[in-house]
Protein chains: 2
Amino acid sequence: METKFQELKNRLLEVNDISSAAGLLYWDQSTYMPPGGAAARARQTATLGRLSHEKFTDPAIGRLLDALAPYEKSLAYDSDEASLLRVTRREYERSIKIPADFTAEVVNHTSESYQVWTEARPANDFERVRPYLEKTLEYSRQAANFFPGYDHIADPFIESSDYGMKATDVKRVFAELRQELVPIVSAITSQETADDSCLHQHFPEEKQLAFGLEVAQQFGYDMNRGRQDKTHHPFMTKFSLGDVRITTRTKENFLGDALFSTLHETGHALYEQGICMDFEGTPLAGGTSSGVHESQSRLWENIVGRSRGFWKHFYPQLQSVFPEQLGDVPLDTFYRAINKVERSLIRTNADEVTYNLHVMLRFDFELALLEGELEIRDLPNVWCERFEADFGIVPPDDKDGVLQDVHWYFGLIGGSFQGYTLGNILGAQFFSTAVKAHPQIPSEIENGKFLTLHDWLKENLYQYGSKYTAPEIVEQATGTPLSIEPYIAYLRTKYGELYDLES
Amino acid sequence: METKFQELKNRLLEVNDISSAAGLLYWDQSTYMPPGGAAARARQTATLGRLSHEKFTDPAIGRLLDALAPYEKSLAYDSDEASLLRVTRREYERSIKIPADFTAEVVNHTSESYQVWTEARPANDFERVRPYLEKTLEYSRQAANFFPGYDHIADPFIESSDYGMKATDVKRVFAELRQELVPIVSAITSQETADDSCLHQHFPEEKQLAFGLEVAQQFGYDMNRGRQDKTHHPFMTKFSLGDVRITTRTKENFLGDALFSTLHETGHALYEQGICMDFEGTPLAGGTSSGVHESQSRLWENIVGRSRGFWKHFYPQLQSVFPEQLGDVPLDTFYRAINKVERSLIRTNADEVTYNLHVMLRFDFELALLEGELEIRDLPNVWCERFEADFGIVPPDDKDGVLQDVHWYFGLIGGSFQGYTLGNILGAQFFSTAVKAHPQIPSEIENGKFLTLHDWLKENLYQYGSKYTAPEIVEQATGTPLSIEPYIAYLRTKYGELYDLES
């Protein structure tokens, strides 16, 4: 058994090494690669992607898993070995269902589609991408049908990113949340918009980057196992548990962009850096679901990084970095500016209250498209109608409407968005549990200390990597299944102090 | 035939993609990787190295080459297709002779050896690395014996880096060169040493980097297909013909380091950037030998970059970048400083005259070690004796003696050094031929123009990549086989103007 287990681990390590190299190809492409490298890089990424898929779906891995099944049964469910076998089997069984040729075809298609989208979006030309998107929807339906027996055609996608949840679960949670959220949004947006002009001044890039990275390190981001680089669309990436990197972008005329994007990616990175080192190179060495991952980026970015307590400590420091810009701006004005709520067009720029409405809109459209209830050609109109209904404003064009997100143009349709809102919900649930266990956390944050919070998260969430599913770890860490209550309570408290929520 | 040829090219492209990704792993490790990434990175590099070797030595490639042999015979020798088949076969036949297990063992051993060396060198402790070096010598002999029928045991190594030359050829060339060189070195070093104190001032890093890169671009380095980053030990690397990067390092208290290392790596990069784009992803898409590659780094660094004409144009610019440091330093003083010749301990810091003596010493020791005429344990003493005989000074310790170069501690012994001196010789041979064809080149250089020279090199050398062997391309481009005469004439003219060479 031990030999077979070791052989399996060796094979997984090889897959991991190839995937990590592919990850580096992407990181480099997004940070430093000269433009001339683009064509070959696309090919290299595809080659490594194909290789790691081939290696992972090698029937020898299936045979090893079969041979090791009695061994797995003999072990405790929560032992590292049993967990490794369980998670590997789950991913293996998923992977072998999708033919390599199909994947290659989709990769080719989405690369083209992405290319066209990069030109169509600035040109506000939905018609150019429409045929690509129609093909993408076809591919998405085909992909779902490699997983017969689903309850909803979106389930295979949702299970892939948020294992343990189905479309029906997400719909129920979103319906509950929507009911609570809509009145809050209405109450806030009927009042005077906060003045965030203090954020819209000239802030030199280097100082922005240095301040953000300083806060990231105060949170506990280990620079011995990480670094920060500039990119167009910030992301976190990992090449090993010893090398977890964040990227950010700056706008010199807007302070909010780099700072909160850095804190967001730092949240993702803290999760990955906190995973048990014994899991290195195995399928356990990664966050367990898109929702739980997003819970950490949102927790550190919003619940901590946009809190009044946090800025009690850090605002004087920020003022001393930007004395001309912020020296005369009171803390309260700054705090209101970074928590400005408004009905806006772009999901990625949305505040934490309205953000979820953007997500729900996309989630509902993904289901309707996959179900065949909505046609691609109707998407721009339907987008505008729904947007007006939810936000009270109409997108002036498709560029800032249906063309705004890369997801559908660079991948399949399905399972792309729900993780963001699940993350908002879970971030509050984890945070409130940590504070119940350690009531000193808020006052520590006011003093620029994050150790108790970070330790609680490592102890109860990070260390486990993918050992437990999202539902398992949520229940284990917080004592209850996913619940919107802590999130709603968080919003009510925070925004109740900023706005009149009874109106 | 066409299908088989295409299948071969596809397989070679896959190998190329994996090797390029491995190259990026190394580039990243040498530039940006945080320290915590080291352990996994070593493993990832080994995995990709093994994979690309497996893919290249796949018997299917042998069968394709066999099947395509009649096709190759039907083509002109210098057609791209015949060249691709010829060069692929040569590399394939070489690769299959070395068992994968042996390579893996050697990689493990040299990684350990390198690790020990990084500690032993600063500690001046040869005894610590001795057992590793002894094992390396054993491995080197074994490696040579995978190529039975050699004339000299070093031939398989020399053929690997400088195909078309054998130990006996190198020995003959080095003996001729030595005979000419020793009197020049003696004549120069018996005179007063040049004063290079103007280079040893404080030069801010950013300005050094910007100036070097500006010159690189003037040479013709295409930043659309390249970039420069900082590292510890500068190198050039390529991920595709569209992405050829250089690295450099700066010393803020010495101007010579970053500047000439940048010009050196630029020379390598111009060669790679000049290769015919049709060769992308094939074994033809790289420089043809270590000697020819080095000829380009030395040509651009020394023959151009340390020439009086070059500085006639660029020195005023350099002075305006560093007015406090160089404003009062006359061109002639600066020119003598950057061409200071002295008997010194370290190969990589040596001037272009004495440099070759460092190389010959190492080359001779490699032969003697492989022949069994020299034991590892005697190396430190023999090094000092030979060094005293050649340079008239005795290394004060092993740190700056036998421990100084990484080559033997991070790879096999054999074929490691001759390329540097072959490069010096060939650089002068190519340059003098270009000048014969275009006598205006020196005056163009005096005006900061490099197009005629660069075009001649692209036309006669760069475009061909590995299509022709070094002896073939040298004869084709210069009309004669490798000859030391242009190099000796170059040294006599240049240093005859700086020193009295008749004394």
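**Sheet and interface**

Modeller: In chain A, three strands form an open sheet in the order S1-S3-S2, with mixed pairing. Strands (E, at least two residues) and helices (H or I, at least four) are DSSP runs, numbered from the N terminus; strands pair if DSSP finds at least two bridges between them. The model is predicted: local features need pLDDT of at least 70, side-chain atom pairs need 80 or more, and totals for chains, interfaces and linings use all residues. Residues are numbered from 1 along each chain, chains are lettered from A and ligands numbered from 1 as written, and side-chain values use heavy atoms, without hydrogens and water.

Biologist: Which strands stand at the edges?

Modeller: S1 (228–230) and S2 of chain A do. Each has a single partner strand, so one side of each lacks a neighbour in the sheet. S2(A) and S3(A) pair antiparallel over four bridges; Met236(A) has Ile246(A) as its bridge partner.

Biologist: How is interface size given?

Modeller: Often as the accessible area lost when the parts come together. Chain A and chain B bury about 2800 Å² (1.4 Å probe, summed over both). Of this, 57% is on carbon and sulfur atoms. On the chain A side, Asp17(A), Tyr32(A) and Arg43(A) lose the most area, together 19% of what that side buries.

Biologist: How many salt bridges cross the interface of chain A and chain B?

Modeller: The rule (a Lys or Arg side-chain nitrogen within 4 Å of an Asp or Glu carboxyl oxygen) finds 10. One links Arg50(A) and Glu14(B), at 3.2 Å, N to O.

Definitions and conventions: Buried area = accessible area lost by both parts, 1.4 Å probe.
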